[in-house]
Amino acid sequence: MSNVKQLFYGTIIHSLSLDKLHIIKNGLLSVDGDGKIVSLQENVEAEELDSILEGLAEDSKLIRLSEWQFIMPGFIDTHTHAPQYANAGTGMDLPLLEWLEKYTFPLEHSFSSTEFAAKIYPRFVSHLLRNGTTTAVYYATIHLESSKYLAETVKGSGQRGFIGKVNMDRNSPEYYVENSNDSVLHTEEFVKYVLDLDAGENLVQPIVTPRFAITCTEKLMTALADIAAKYDVPIQSHLSENTAEIAFVSELFPDIKDYTSVYDHHKLLNHKTIMAHGVHLTDDERDLLKQRNVGISHCPNSNLALRSGVCKVRQLLQDGIKVGLGTDISGGGSKSILDAMRRASATSRVVAMTDGNGEHLKLSELVFLATMGGAELVNLQDTVGNFKVGKDFDALLIDPCAEGSPIDVFDMDDTERVFEKFIFLGDDRNIIDVFVKGRRVSGGGISGLSTAWYLSQSLPKSCKITIIEASNRLGGWIQSRRHGEQGILFEYGPRTIRPGGLGGLAVLELIKCLNLTPSLITIPKTHPAALNRYIYYPDRLNKLPHSLLSLAPSLSRAFIRKAIPGILREPFVKPANTDDESIGAFMARRFNSHIADNILSAVIHGIYAGDANQLSVRSVLPSLYYYERYYGSVLKGLMRGLKEVGDKRELERELGECVGDLMNDMSKISIFSFKDGIQMMVDALERELKMKENVTIKTGEKVVKLEIENEKAKVHTESSVFSSLHIISTLPSDILSHILTPTLPHLCQTRSATVAVVNLAYSDPSLLPVTGFGYLIPASTPNNIYSALGVVFDSDALPSQDKVNITKLTVMLGGHYYSGMNSIPNEDELLSHARWVVSNHLGIGEEPMLWNVSIQRACIPQYRVGHLDRMRELHHSIRNTCGGRLSVAGASYLGVSVNDIVLNSRRLAGRVVEWIERRKSNVTGLEGVEEIPAPV
Ligand SMILES: Nc1nc2[nH]cnc2c(=O)[nH]1
């Protein structure tokens with residue numbers, strides 16, 4: 001037991017056979033440093049754990065599952081087409097052969113470009129992992145390079161995978177077909193490449209992939225069988241999926257008895273062959289499959305969607321044929337093996353009803369097919385599939401009560417029922433950890449991702465970096481998701497970034513390093529979305545001038561005219577001697593109440609969802625504060641500016657050099673985003689971090705206690721405790737205040753606002769009465785009965801994110817308005833509130849074709865008056881009491897924007913590295929409180 005590295009204590013569920021689902025209560029499963037299962041004990045009493053742990057090495061970790069959590073084997077997807085992920089959920093109106101011609105081949109053809117592949121493959125692999133697929137059997141396309149890229153992606157992700165370069169040398173479109181010789185040469189090169197890539201780890205393997213008998217000549221099939229035999233690698237293809245396909249095969253091979261015999265004739269059938277579908281097999285064909293020990297990948301989602309037929313799985317099992325499950329993306333639309341289990345169940349019920357042939361598939365059989373059955377198909381039955389001692393630990397940690405879980409657990413439930421509920425109702429939200437060969441491969445948290453990335457750039461490999469994230473998804477309130485058949489992009493959080501300032505430079509540098517430049521979408525300063533911004537007051541949209549030149553023509557409008565006396569008097573208003581005041585009071589004092597109440601209040605709604613009369617001018621708009629202090633006037637300051645001092649100047653120069661040309665390109669840009677939304681940054685960070693050997697990402701693991709004592713730092717999560725040289729907390733400060741010892745001042749004083757984000761998409765592209773970025777609503781606007789903060793015109797601001805011409809809006813509601821409320825409206829109510837807003841303000845009464853409501857709880861920290869002084873005291877307190885072991889980062893402290901967060905992470909990581917190397921000045925993450933800009 002001395003090599004045990006991880007122990008899991010709690011409920012453990014796995015398949016022993018088709019009939020036997022083994023449910024172990026109080027189980028203790030131990031895994032060694034190579035990811036192998038060392039022991040599996042049943043009915044271990046909690047009291048026995050201490051003595052068991054005593055004999056173990058210090059770095060072994062016990063993960064105690066909570067009451068309803070359980071561990072089960074990872075899912076095995078025995079048939080999926082990675083390139084077709086881009087089409088998933090679409091094109092199900094045609095049967096197989098027409099579907100291939102119209103939708104599938106044109107898409108697969110695009111993978112001649114590895115750049116195109118780079119947009120699809122990493123996302124697909126990471127989604128499969130998130131959905132619990134620890135082993136997948138992939139089809140790539142006919143292209144050698146992008147097939148290699150898929151293999152590299154799978155390898156990089158840590159998933160177990162079989163990757164096939166597809167072969168097609170006839171009956172294929174002119175634009176998507178190979179010459180037979182190239183097909184053979186490229187296949188052999190591919191097989192050797194993947195064997196090399198795996199380097200004996202037994203994680204990625206090549207699989208020889210004649211697409212199906214229709215698209216492969218006899219010569220090609222024979223040569224492929226030779227390659228498979230020469231390198232002893234598996235084979236996959238399609239068999240007997242659809243009646244038109246079968247008829248075509250018999251036309252092509254009139255002298256061969258049936259479809260299965262065609263493959264047999266070409267020596268493609270053996271115990272390592274996986275045939276997908278097998279819907280219309282004859283008795284003789286099943287006999288032959290049994291004789292050759294070929295496995296069938298049952299793909300019920302696709303069989304139904306393409307109306308291929310109903311596969312009789314019970315019959316296959318009775319005949320002793322190996323069966324596993326496949327998602328068959330994009331014949332099937334779902335990437336989840338849970339979905340495959342449910343459709344296999346439904347299909348078997350149809351067979352039971354119509355054929356009277358036996359029973360439908362039972363729960364134990366469905367679980368077997370998804371795990372052990374799949375393992376048999378890929379000939380890894382002695383390596384994965386269940387938790388027999390000696391196998392690799394490929395497993396899922398399931399939490400039926402995870403945040404947002406689609407499952408409800410009641411008093412009357414027991415483990416068996418909760419397991420069944422997960423299989424029939426659960427989804428990726430319940431899959432809080434995914435392990436392959438004992439390694440955690442899923443998820444990660446946005447909090448700290450950028451800090452971890454910067455650290456990973458400078459720290460030596462021997463320094464281990466661990467990211468611990470309570471939820472099971474990345475990104476915090478950054479979330480970009482495509483909806484509906486047309487894949488309309490909805491942003492649930494921030495949607496654009498400004499390239500300006502030091503923070504903007506830091507983000508551009510990160511974009512360059514993450515190779516995201518080709519995915520940028522930029523909006524020039526001359527674009528209507530940059531020029532036209534509005535304020536809704538009191539009952540109409542008021543366009544704001546975007547420059548001094550545009551001020552003159554705006555004067556005809558009373559809303560702008562009323563600001564003029566305030567602007568004219570400002571240079572003559574005596575500076576006040578205050579250390580801080582609210583941004584509302586500051587603007588009213590220096591300008592006038594119209595500017596404070598009707599303009600600035602709206603701007604503060606747009607950035608902080610906050611109350612301008614509560615937020616600190618010094619923390620929220622520090623340059624205005626310093627303009628008054630140095631120049632006696634905001635307007636004079638605006639003309640002269642401020643300069644960065646100390647190491648910020650040095651940083652400005654360094655970032656400028658790194659960003660280089662991109663900075664010049666960005667000088668004409670007002671805002672930017674990415675083709676697939678801001679989440680692309682998060683995904684790229686995750687991908688990069690997962691490639692680093694010294695970085696571990698733990699998701700679904702909540703930190704419950706942080707202890708800094710005698711210059712030692714200890715992290716307690718729900719399941720383990722470990723020591724660390726230095727902890728960087730990126731938690732919201734009020735949450736940190738509850739779990740940290742020692743108690744530090746002011747942590748709990750920064751509260752955060754909750755924002756409801758309602759995305760709406762309309763098929764009519766010309767619904768908006770004006771063009772522009774959108775509008776904000778000040779607190780002074782009457783009849784704002786649903787606490788609206790503003791509306792973004794997404795289809796004007798970032799039209800190229802969608803392929804179709806539509807009107808797309810985001811309505812933001814709540815913020816500080818919700819802070820005094822007992823409960824926040826539910827999603828249905830929020831949708832109707834948002835529709836009321838767009839109907840009353842913009843005259844859009846139409847029914848949206850798509851919408852999404854997300855409630856972003858406590859997402860924007862509110863820096864109230866005195867925030868900077870509080871942060872200064874906190875800085876000194878951390879420095880003096882935590883001995884350099886703790887620093888803080890994230891939006892609670894020194895800036896809420898993506899730019900601020902990235903810049904502060906970069907600077908903090910630099911300081912932490914310095915502290916680790918020299919142990920000089922204790923780092924806190926709040927050093928910025930001592931930096932004051934200088935007048936020019
Ligand atoms: N479902 C499915 N069947 C096929 N038969 C040949 N190619 C394909 C494919 O891409 N998907």
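Ser330 sits in the loop between β15 (322-325) and α12 (337-355), where helices (H or I, at least four residues) and strands (E, at least two) are DSSP runs numbered from the N terminus. The model is a predicted one, in which local features need pLDDT of at least 70 and side-chain atom pairs count only at pLDDT 80 or more, while totals for chains, interfaces and linings use all residues. Residue numbers start from 1 along each chain as its sequence is written, and side-chain values use heavy atoms, with hydrogens and water left out.

Most residues other than glycine have a negative phi, and most peptide bonds are trans. The peptide bond from Ile329 to Ser330, however, is cis, with omega near -5 degrees. The bond from Tyr537 to Pro538 is also cis, with omega near -25 degrees, and Pro538 belongs to the loop between β23 (533-536) and β24 (541-543). Asn293, although not a glycine, has a positive phi of about 60 degrees; this residue is placed in the loop between α9 (283-292) and β14 (295-298).

The ligand comes next. Its shell, taken as residues with a heavy atom within 4 Å of the molecule, consists of His81, Gln84, Leu96, Trp99, Leu100, Arg211, Phe212, His238, Glu241, His277, Ser302 and Asp328. Helix α2 (residues 96-109) gives the most to this shell, with 3 residues. By class, the shell has 4 nonpolar, 5 polar and 3 charged residues; Ala, Val, Leu, Ile, Met, Phe, Trp, Tyr, Cys and Pro count as nonpolar, Asp, Glu, Lys and Arg as charged, and the others, Gly among them, as polar.

Polar contacts are pairs of N or O atoms within 3.5 Å; within protein, one must be able to donate a hydrogen and the other to accept it, and residues adjacent in sequence count only if both atoms are side-chain atoms. A polar side-chain atom of Arg211 is found 2.6 Å from an oxygen atom of the ligand, and an N or O atom in the side chain of His81 is 3.5 Å from an oxygen atom of the ligand. On the nitrogen side, a polar side-chain atom of Glu241 lies 2.7 Å from a nitrogen atom of the ligand. Taken alone, the ligand exposes 280 Å², of which the protein buries 100%, with accessible areas from the Shrake-Rupley method and a 1.4 Å probe; for residues, only the protein chains shown count as cover.

Rolling a probe the size of a water molecule over the atoms shows where empty space is left. On a 1 Å grid over the protein atoms alone, a cavity is a set of points where a 1.4 Å probe fits but cannot get out, and a pocket is an open set with protein on both sides within 12 Å along at least five of seven lines; lining residues have an atom within 4 Å of a point. Grid points are joined across faces, edges and corners, and a volume is the space filled by probe spheres set on the points. The structure holds 4 cavities of 30 Å³ or more.

The space taken by the ligand is the largest cavity, a molecule being placed in a cavity or pocket if more than half of its atoms lie within 2 Å of its grid points. This cavity holds about 100 Å³ of space. Its lining includes Leu306 and Asp328, and divides into 5 nonpolar, 4 polar and 3 charged residues. The largest share of that lining, 3 residues, comes from α2.

About 60 Å³ lies in the second largest cavity, whose lining includes Leu489, Phe490, Asp794 and Lys808. The elements giving two or more residues to this lining are β21 (488-491), β33 (752-762) and β36 (807-815).

Finally, the second largest pocket has about 360 Å³ of space. Of its 14 lining residues, Leu651, Arg906, Arg907, Gly910 and Arg911 are the closest to the centre. Helix α33 gives the most to the lining, with 7 residues.
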